[in-house]
Amino acid sequence: LVMVFYGSNGKSNPVSMENKVEHQAKNQITYDIHLPSDLGMLYKVRLGLQSLENSISQLSLRHFKMQNTSTLDTFSLTINKTLPLSLNGDRWIEFPVEWPLKEALSVVTYHLTVFSRNILSERNLLHMAACIYGTHGDTGDRSLLWSLQNVQQGEDNESFLVTVDAVELGELDKVVLLISSKTDCKVDIKKLHLKEAVKEHPVYVFEVNEAFSVNANKPEIEREIPVSFIMRGDKQKNDIDNNLHKEGSQTRNLTEYTIKVYTGDQRGAGTDANVHIILFGNEDKSEVFQLSQPLEHQDPFERGKVDTFKIKTKKLGSLRSIEIGHDGKGFASGWFLEKVEITDASRNSVYCFSCNR
């Protein structure tokens, strides 16, 4: 049994369920696992069987509970599923982690349609898997040949549908295909269509158009396929057009500010921390801007240096004040700020905010 944990900053390596805690209760096993501290807020767990051997015995899962031993935050879920999900079936299940006061993602059924030649005739010799990636992580490697539906076979082409249950992935951006075989064979994949089962659109199209030859020299092939284009319904197209129109009119109401940040010339004045700024005018205030990419050089906020940044925001009127600060990251993050000068191009005005501390 293996688990993969997904957090706001990335995912863990597969965690093998080996470190059992002693004194087990009946039908219950407790494990101690150590996750990287920089994983961020956990939002999903993928749990499955690592082995691809078909002779694996089934594993019934009833309940899942995990607790952070330092914060005592606890998450529990009734699963009541058996792995694999069918004979030779999918060996993974995913579920969202729902913390108090945080909205959890939902579990979605995806329809992946494979357009190909000669896969169906070779399917007993092949192992073929896909890992789908989106803005909310990935599905891990899911077998494509265990549960084929809507199988269409023509003289020169074929297609079949695979269902994948996963915590919603957000905007999809790529699919990684894995093809392997114990004997020589060749499979021709034309394209993949991917969409949520309950929605007609959007359909993500991944053009492949490649023949894959698996043999003793190349028993396993891995291929990354980025999304080629997205087919959207009429309503979605109209919504996107309206948003673009809105963004266009908003762009006309933006004004550009040039911000010059002066770091003092004394020992220990510079910082490697992340600096942010907010501008306050007599009409409005700006959003928070991270000052990370100065126009002059790569490494901002060094002793005795001036860093220039350009930002665009809504019109704020005459500037009254600024808030500037940093997140304290890095060794000796203290920063001696001399002053900040801001030029408003639309009003042809320069504002100077002295700090000297």
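I started with strand E19, residues 254–263, in this predicted model. I checked burial there: seven of its ten residues are buried, so E19 is largely enclosed by the rest of the structure.

Next I looked up the strands that pair with E19. Strand E22 (residues 306–314) pairs with E19 in the antiparallel sense, over nine bridges. For Thr258, I found Lys310 in E22 as the bridge partner. Strand E24 (residues 337–344) also runs antiparallel to E19, and seven bridges join the two. Here I noted Lys260 opposite Glu341 of E24.

I then turned to the nonpolar cores. The largest has 34 residues, and I found that Ile189, Leu192 and Leu194 touch the most other members. Several elements give two or more residues to this core, among them helix H1 (119–122), strand E8 (107–117), strand E15 (185–196) and strand E16 (203–214).

I took Leu192 and left out residues up to four places away in sequence. Leu192 then touches Leu112, Thr113, Val114, Val175, Leu177, Tyr204, Val205, Phe206 and Val208.

Last, I noted the totals for the protein chain. I counted two helices and 25 strands. Of the 357 residues, 39% are buried. I looked at contacts between residues at least 6 apart in sequence, and 66% of these join residues at least 24 apart. The chain exposes about 21,100 Å², with 46% of that supplied by carbon and sulfur atoms.

How values were computed. Residues are numbered from 1 along each chain as its sequence is written. This is a predicted model: local features need pLDDT of at least 70, side-chain atom pairs count only at pLDDT 80 or more; totals for chains, interfaces and linings use all residues. Side-chain values use heavy atoms; hydrogens and water are left out. A nonpolar core is a set of buried Ala, Val, Leu, Ile, Met, Phe, Trp, Tyr and Cys residues joined through side-chain atoms within 4.5 Å. Buried means under 20% relative accessible area, exposed over 50%, partly exposed in between (1.4 Å probe, protein chains only). Helices (H or I, at least four residues) and strands (E, at least two) are DSSP runs, numbered from the N terminus. Contact means heavy atoms within 4.5 Å. Two strands pair if DSSP finds at least two bridges between them. Accessible areas come from the Shrake-Rupley method with a 1.4 Å probe; for residues, only the protein chains shown count as cover.
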